[in-house]
Amino acid sequence: MLFTGHSEHTIDAKLRLAVPAKYRKQWDEARDGTMWYCVPWPDGSLRLYTQKTFEHLSDQEPQTLTPNADTAALEEMFALAEPMTMDGQGRVGLQRYQLELAALTPSEGESTIDVVIIGKRNRLEIRDRKSWAAGLKERFQRLPEVAERVSAKQRQ
């Protein structure tokens, strides 16, 4: 599944987020599972994976009773991952602790949270709308140097 583009949305006071129609159209319940997985990330985002993608990526690391320290630390991420089902209106319910970990909280005096939903290849990311907009031009201008670094690593 390839997610691209971005869309501005709001997390309502009940911590529900409507998954944009353009992404819902791509999601095929038969192929991609009946739920999404939400993982908070330290960069201030929530990562949303389809069930099949999350399970596939989870199976990439060999499983053992004696994982090394880095693998054991990374496995703690599963304690922060939450499955979510979409309701009939295309909304998913987010967990308050995940929003707080990602620093996605309402502005003073507000009960809703303005966000942007970003297609990031195999996942969707939820980010603060103002922060995303403020850094968009800079991220765009850095693309050639980032692409060169990634290309250089692949050539090694």
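Because the model is predicted, local features were considered at pLDDT of at least 70 and side-chain atom pairs only at pLDDT 80 or more, whereas totals for chains, interfaces and linings use all residues. Residues are numbered from 1 along each chain as its sequence is written, and side-chain values use heavy atoms, with hydrogens and water left out.

Helices (H or I, at least four residues) and strands (E, at least two) were taken as DSSP runs and numbered from the N terminus, and two strands were taken to pair if DSSP finds at least two bridges between them. On this basis, 6 strands form an open sheet in the order S1-S7-S8-S4-S3-S5, with antiparallel pairing. Strand S1 (6–11) and strand S5 (82–84) stand at the edges and have a single partner strand each, so one side of each is left without a neighbour in the sheet. Neighbouring strands are turned against each other by 30 degrees on average, direction ignored; here axes are lines fitted to C-alpha atoms, for helices over the stretch in contact, and angles run from 0 to 180 degrees between N-to-C directions.

S7 is in turn paired antiparallel with S8 over 5 bridges, where Val116 has Arg127 in S8 as its bridge partner. The hairpin of S7 and S8 has 4 residues between the strands, and Arg121 in this hairpin takes a positive phi near 70 degrees. S8 also pairs with S4, through 3 bridges in the antiparallel sense, and Arg47 stands opposite Glu125 in S8.

The pairing of S3 with S4 is antiparallel and extends over 6 bridges, with Trp36 opposite Thr50 in S4. Between these two strands the hairpin has 3 residues, and Gly44 takes a positive phi near 90 degrees.

With buried defined as under 20% relative accessible area, exposed as over 50% and partly exposed as in between (1.4 Å probe, protein chains only), S3 is mostly covered, 5 of its 6 residues being buried. S8 is likewise mostly covered, with 4 of its 5 residues buried. Helix H3 lies across S3 and strand S4 (45–50) and runs at about 100 degrees to S4. Helix H7 (residues 129–155) packs on the sheet and touches S1, S7 and strand S8 (124–128), its direction making about 95 degrees with that of S8. The buried residues of H3 are Gln51, Thr53 and Phe54. Seen down the helix axis, these residues fall within an arc of 170 degrees, so they line one face of H3; the arc is that of the directions from the helix axis to the C-beta atoms.

Rings of Phe, Tyr and Trp (its six-membered ring) were paired if their centres lie within 6.5 Å, with planes under 30 degrees apart counted as stacked, over 60 as edge-to-face and the rest as tilted. A search of the whole structure finds 5 aromatic pairs. One of them is the stacked pair of Tyr37 and Phe54, at 4.3 Å centre to centre and 10 degrees between the planes. Tyr37 belongs to strand S3 (residues 36–41) and Phe54 to helix H3 (residues 51–58), so this pair ties together parts that are 17 residues apart in sequence. Tyr37 counts as buried at 16% relative accessibility, and Phe54 counts as buried at 8%. The rings of Phe54 and Phe78 have centres 5.9 Å apart and planes at 70 degrees, so they form an edge-to-face pair. This pair links distant parts of the chain, with Phe54 in helix H3 and Phe78 in helix H5 (residues 77–80), 24 residues apart. Phe78 is partly exposed, with a relative accessible area of 37%. Tyr37, Tyr49, Phe54 and Phe78 form one aromatic cluster.

A charge was taken to sit over a ring if NZ of Lys or CZ of Arg is within 6 Å of the ring centre and within 35 degrees of the ring normal. Arg47 lies over the face of Trp41, at 4.0 Å from the ring centre, and Arg139 lies over the face of Trp132, at 3.9 Å from the ring centre.

Technical notes
Contact means heavy atoms within 4.5 Å.
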